[in-house]
Amino acid sequence: MMQLKLLTFKGGVHPPHNKDATEKLPLKKAEVPETVVIPLQQHIGAPCEPVVGVGDQVKLGQKIGEPKGFVSAPVHSSVSGKVVAIEARPHPGGGKILSVVIETDGKDTLDESVKSRGELDQLSAGDIKNIMQEAGLVGMGGATFPAHVKFSPPPDKPIDTVILNGAECEPYLTADHRLMLEKPEDVVFGLKAMMKAVGVEKGYIAIENNKPDALKTMVEAAKGENNIEVVALKTKYPQGAEKQLINACTGREVPSGGLPMDCGVIVNNVGTAAALANAIKTGMPLVERIVTITGSGVKEPQNLIVRIGTRFEDVIAQCGGFTGDIGKVIQGGPMMGIAQYTTEVPVIKGTSGILVLREEELQLSPPMPCIKCSRCVDACPIGLIPTKLEAFSEKGMLQEAEEYKVVDCIECGSCSFVCPAKRPLVERIRLSKAQVMAEKRKAQAEAKAKAEAKAKSEAQIKAEA
Ligand code: SF4
Ligand code: SF4
């Protein structure tokens with residue numbers, strides 16, 4: 001039975017939506033560029049190794065990068081053409097990453113592996129997870145966690161619920177909104193496949209109530225699916241963050257330092273569900289995605305379906321180019337996006353938006369001393385004390401930061417957004433979070449090495465006895 005109830009979480013902020021420029025614009029296929037630059041790492045986990053060489057002809061959908069570990073995802077060619085280089089190129093996540101550069105031949109010759117995987121009814125849970133893995137599916141909301149890993153929880157973490165995230169709470173972005181309006185059947189199909197992959201009976205599609213047309217369309221598309229509930233969420237940032245979404249839909253709390261599977265839930269973006277539907281129905285791996293290109297610095301904002309590997313500058317050129325003096329180009333939205341130092345970076349699996357802001361829009365006022373107004377504390381959706389965490393970070397007090405649960409910070413930027421003193425809260429907190437996590441990983445690796453050395457020496461003693 002479909003129900004619409006208004007759900008939310010504690011804390012959060014209300015940044016201006018700024019979605020008017022693109023929310024009513026239908027999806028359009030972007031032109032295929034002359035050259036694509038496809039990074040061999042577009043996901044959380046181990047990078048891929050190239051399985052093609054310079055000079056090779058490749059086809060659309062052909063695997064060009066093989067994962068080096070289980071927590072990884074293969075990479076496929078988004079065009080047919082010729083490999084002209086395999087070299088480190090700028091990556092929207094920062095730095096340079098080994099990438100396969102392909103000159104397109106304009107033919108879009110399909111790889112032989114691209115064919116329907118059959119009817120969903122005929123597929124087993126294992127088949128669906130294999131399809132996720134082979135298609136290189138990752139979380140398309142920006143997290144880019146490999147989908148097959150998320151859908152393979154350890155046996156002691158039983159899953160009973162899958163939630164699709166259609167909140168799209170980041171200002172400016174409208175890619176998921178348009179997807180739900182234009183391909184709602186794929187979203188529902190993908191959710192059903194995900195539910196089958198982990199054998200669960202309950203699925204949610206969660207959408208903020210500032211998208212009434214998407215809510216209506218998804219309710220219609222899910223009609224007759226008794227175990228799928230479309231829920232309306234209160235419009236509030238960061239409503240689309242996993243922990244907030246789980247709490248809003250199920251009332252459950254993800255424990256501190258834990259993951260959604262710790263409370264029996266898997267969360268995925270609506271885009272990932274649609275990509276899974278496409279991979280099952282047509283066999284096409286993840287080689288293109290919807291990107292919102294917007295902001296005052298772009299002449300003609302649009303929602304484009306863009307081939308992976310298309311450089312930002314090529315996408316922006318298709319939107320009429322820049323207007324005025326450009327202050328910032330961001331991958332994603334203004335709250336959690338990543339500022340770019342070059343527009344040579346390519347669209348990757350996690351690129352939900354390209355936001356271009358003009359110089360005069362940027363807040364360049366220097367930070368002032370904290371006035372102890374506690375607005376950041378009220379805004380934090382996790383219940384942290386950002387002002388304290390910032391101070392610990394500034395003074396390098398990592399132990400204290402850990403005690404105050406810095407690792408639970410979801411880096412949503414709500415604290416910085418409300419701070420009247422314009423303190424760089426999220427930037428500093430992110431830094432100490434990374435340091436604490438690095439220390440933890442180091443301690444874990446040392447403990448593991450110690451335990452292995454101990455086991456080895458005990459085995460040696462036994463063998464010699
Ligand atoms: S402390 Fe972290 S989780 Fe809390 S508001 Fe700031 S960025 Fe968001
Ligand atoms: S919002 Fe800014 S000024 Fe207010 S307590 Fe937090 S850090 Fe201090």
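Trainee: Which residues come nearest to ligand 2?

Mentor: Cys370, Cys373, Cys376, Cys419 and Ala421 come nearest, of the 14 residues around ligand 2. A residue is near a molecule if its C-beta atom, placed from the backbone, lies within 6 Å of it. This is a predicted model, in which local features need pLDDT of at least 70 and side-chain atom pairs count only at pLDDT 80 or more, while totals for chains, interfaces and linings use all residues. Residues are numbered from 1 along each chain as its sequence is written, and chains are lettered from A and ligands numbered from 1 in the order in which they are written.

Trainee: How do the residues of the shell around ligand 2 divide by class?

Mentor: The shell has nine nonpolar, two polar and three charged residues. Ala, Val, Leu, Ile, Met, Phe, Trp, Tyr, Cys and Pro count as nonpolar, Asp, Glu, Lys and Arg as charged, and the others, Gly among them, as polar.

Trainee: Which residues come nearest to ligand 1?

Mentor: They are Cys380, Cys409, Cys412, Ser414 and Cys415, of 15 residues around ligand 1. Helix H12 (414–418) and helix H13 (425–464) are the elements that give two or more residues to this shell. H13 gives the most, with three residues. By class the shell around ligand 1 has twelve nonpolar, two polar and one charged residues.

Trainee: Why is H4 called roughly perpendicular to H7?

Mentor: Helix H4 (residues 184–197) and helix H7 (residues 270–282) pack at about 85°, with their axes 7 Å apart. Axes are lines fitted to C-alpha atoms, for helices over the stretch in contact, and angles run from 0 to 180 degrees between N-to-C directions. Under 35 degrees counts as roughly parallel, over 145 as roughly antiparallel, 65 to 115 as roughly perpendicular and the rest as oblique. H4 is therefore roughly perpendicular to H7.

Trainee: What makes up the contact of H4 with H7, by class?

Mentor: Eleven nonpolar, two polar and one charged residues do. Among those in H4 are Phe189 and Leu191, and those in H7 include Leu276 and Ile280. Two residues are in contact if their C-beta atoms, placed from the backbone, lie within 7 Å.

Trainee: How many helices and strands are in the protein chain?

Mentor: There are 13 helices and 18 strands. Helices (H or I, at least four residues) and strands (E, at least two) are DSSP runs, numbered from the N terminus.
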